[in-house]
Amino acid sequence: MRKIKEVLRLRYELKLDQRQVAGSCSIVVSTVPGTVAAHQPSVRKPGFEISSAVAVTDDGRSLLEQAEAAGLTPQSGCRMGICHTCTRRKTSGAVKNLITGAVSMADGEDVQICVTAPVGDVALAL
Ligand code: FES
């Protein structure tokens, strides 16, 4: 598992090519693409993360809108902060309530993703 993490780190964070990754990890070059593909998130960009699979940017849109734009279909209802159908657990990061303007940085809190926008890096389970 440690080697897989290192392969992904070298490939995504350091942007090394397959030969460089293979050399650094002492593995055969032909195993790099398979390892990367098997553990590649569906969408990955710098910014904040939704779940472990999607990363989106801090652009003022709600977490729900950004998740949907990334192709996810989190459960939602009113989309106005009333029904609580979209409530999810934020594991880290700061968010802004789009109705009240309140910013929260508490880890492990429930947020209504239809009326919550990221403020920097955010991770939550969808
Ligand atoms: S969808 Fe109703 S509160 Fe978010």
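The legends below describe close-up views of a predicted model. Local features are taken at pLDDT of at least 70 and side-chain atom pairs at pLDDT 80 or more, while totals for chains, interfaces and linings use all residues. Residues are numbered from 1 along each chain as its sequence is written, and side-chain values use heavy atoms, with hydrogens and water left out.

**View 1. The largest nonpolar core holds 10 residues.** A nonpolar core is a set of buried Ala, Val, Leu, Ile, Met, Phe, Trp, Tyr and Cys residues joined through side-chain atoms within 4.5 Å. Buried stands for under 20% relative accessible area, exposed for over 50%, and partly exposed for values in between (1.4 Å probe, protein chains only). The members are Leu63, Leu64, Cys86, Val95, Val111, Ile113, Cys114, Val115, Val122 and Leu124. Two or more of these residues come from each of helix H4 (63-69) and strand S6 (116-125). Helices (H or I, at least four residues) and strands (E, at least two) are DSSP runs, numbered from the N terminus. A second, separate core has 7 residues, including Leu10, Leu16, Val21 and Cys25. In soluble globular proteins, nonpolar side chains tend to be buried together.

**View 2. A salt bridge joins Glu68 and Arg79.** The structure contains 3 salt bridges, the term being used for a side-chain nitrogen of Lys or Arg within 4 Å of a carboxyl oxygen of Asp or Glu. In the pair of Glu68 and Arg79, the closest N and O atoms lie 2.7 Å apart. Glu68 belongs to helix H4 and Arg79 to the loop between H4 and strand S3 (87-97), so the pair, 11 residues apart, links distant parts of the chain. Glu68 is partly exposed at 31% relative accessibility, and Arg79 is partly exposed at 39%. Side chains of opposite charge can pair when their charged atoms come close.

View 3. Asp110 pairs with Arg89, with 2.7 Å between the closest N and O atoms. Asp110 has a relative accessible area of 47% and is partly exposed; Arg89, at 42%, is partly exposed. Glu109 pairs with Lys90, the closest N and O atoms being 3.3 Å apart. Lys90 counts as buried because its relative accessibility is 0%.

**View 4. Ser62 is a buried residue in a loop.** The loop lies between strand S2 (54-56) and H4. Ser62 counts as buried because its relative accessibility is 3%. Apart from its neighbours within four places in sequence, Ser62 is in contact (heavy atoms within 4.5 Å) with Leu98, Ile113, Cys114, Thr116 and Ala117.

**View 5. Ser26 and His84 have positive phi although neither is a glycine.** Phi of Ser26 is about 55°. Ser26 sits in the loop between helix H2 (18-25) and helix H3 (31-38), and is exposed, with a relative accessible area of 65%. Phi of His84 is near 70°. His84 is placed in the loop between H4 and S3, and is partly exposed, with a relative accessible area of 47%.
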